[in-house]
Amino acid sequence: MPETSEKPRATEKTVPYPDFIGKTYVLPDYYEIGREQIRAFAKAVRNFDPIHHDEEAARAAGYPSLVAPPTFASIIGLLMQEALFEYIVTDYDLSQTVQAEQRFSFKRPICAGERLECSVTMLNMRQAVGVDIVETENIGRIWGTEEVVLIGYTKVAGYTGAVMEESLKGLVRDVMMHGRSIF
């Protein structure tokens, strides 16, 4: 394909970021798991197990503090994906991407007060049915150690350079993130 000043598009059957495949990016700061975050998340997903709400119940079950429900990991996964698209693979507007798949493998429960180092590795990028599909591995480690507590795998579909009307973009941002960023 001849070189141009235009960025590759999915319809050109190219991989926009071939040099990024296989590389790992570590977020510059830790993500601290908050006690009230756990309680609010557990309530929102209607998980009323006492280990998510009552510190004494969590300690009685053998944990140092409140235990995050397993689906809490989706917040950490979103943090890593948002960083990937904001700082590394910047041709994508996150409001115009769709998460196609997400799965987690837990090494142990995540507890309140823990600080996680989050990293994302781009495993693959390919085109299918006219969109780019980005596959990543997301790892959460206890800050300052090598202890892995979770490994996530995500597939996100999107278009490079896609344009969305500003009012619609704002609506998507407000509906999906309630107008807030998690950074």
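A polar contact is a pair of N or O atoms within 3.5 Å; within protein, one atom must be able to donate a hydrogen and the other to accept it, and residues adjacent in sequence count only if both atoms are side-chain atoms. Keep that rule in mind for Glu137, whose side chain makes such a contact with the side chain of Tyr153 (3.0 Å).

The model is predicted, so local features need pLDDT of at least 70 and side-chain atom pairs count only at pLDDT 80 or more, while totals for chains, interfaces and linings use all residues. Residues are numbered from 1 along each chain as its sequence is written, and side-chain values use heavy atoms, with hydrogens and water left out.

Start with the whole chain. There are 4 helices and 6 strands. Helices (H or I, at least four residues) and strands (E, at least two) are DSSP runs, numbered from the N terminus. Along the sequence, the pattern reads β-β-α-α-α-β-β-β-β-α. The chain has 183 residues, and 40% of them count as buried. Buried means under 20% relative accessible area, exposed means over 50%, and partly exposed lies in between (1.4 Å probe, protein chains only). The chain exposes about 10,300 Å², and carbon and sulfur atoms supply 54% of it. Such areas come from the Shrake-Rupley method with a 1.4 Å probe; for residues, only the protein chains shown count as cover.

Next, look at contacts, meaning heavy atoms within 4.5 Å. Take those between residues at least 6 apart in sequence: 70% of them join residues at least 24 apart.

Now return to Glu137. Glu137 lies in strand E5. Which side chain of opposite charge is nearest to Glu137? It is Arg141, 7.3 Å away. Glu137 is buried yet has no salt bridge. A salt bridge is a side-chain nitrogen of Lys or Arg within 4 Å of a carboxyl oxygen of Asp or Glu. For charge, Lys and Arg count as positive and Asp and Glu as negative; His and the chain ends are not counted. Leaving aside neighbours within four places in sequence, Glu137 is in contact with Ser119, Val120, Thr121, Leu123, Ile151, Gly152 and Tyr153.

Tyr153, the polar partner of Glu137, lies in strand E6. Tyr153 is partly exposed, with a relative accessible area of 25%. Beyond four places in sequence, the contacts of Tyr153 include Glu101, Gln102, Arg103 and Leu123. Tyr153 and Ile139 are 14 residues apart in sequence and 8.8 Å apart in space, C-alpha to C-alpha.

Other charged residues do pair up. A search of the whole structure finds 13 salt bridges. One of them joins Glu32 to Arg115, with the closest N and O atoms 3.4 Å apart. Glu32 lies in strand E2 (residues 31–32) and Arg115 in strand E4 (residues 115–128), so this pair ties together parts that are 83 residues apart in sequence. Glu32 is partly exposed at 39%, and Arg115 is partly exposed at 35%.

Lys155 and Glu101 form another salt bridge, at 3.6 Å between the closest N and O atoms. This pair links distant parts of the chain: Lys155 is in strand E6 (residues 148–158), Glu101 is in strand E3 (residues 98–106), and they are 54 residues apart.

Loops take part too. Arg108 forms a salt bridge with Glu147, and the closest N and O atoms are 2.6 Å apart. Arg108 lies in the loop between E3 and E4, and Glu147 in the loop between strand E5 (131–142) and E6, so the pair ties together parts that are 39 residues apart in sequence. Some salt bridges share partners: they join Arg35, Glu36, Arg39, Glu55, Glu56 and Arg59 into one network.

Finish with the rings. The structure holds 4 aromatic pairs. Rings of Phe, Tyr and Trp (its six-membered ring) pair if their centres lie within 6.5 Å; planes under 30 degrees apart count as stacked, over 60 as edge-to-face and the rest as tilted. Phe20 and Tyr25 have ring centres 6.1 Å apart and planes at 85 degrees, so the pair is edge-to-face. Tyr30 and Trp143 also form an edge-to-face pair, with 5.3 Å centre to centre and 70 degrees between the planes. Tyr30 is in the loop between strand E1 (24–26) and E2, Trp143 is in the loop between E5 and E6, and the two are 113 residues apart.
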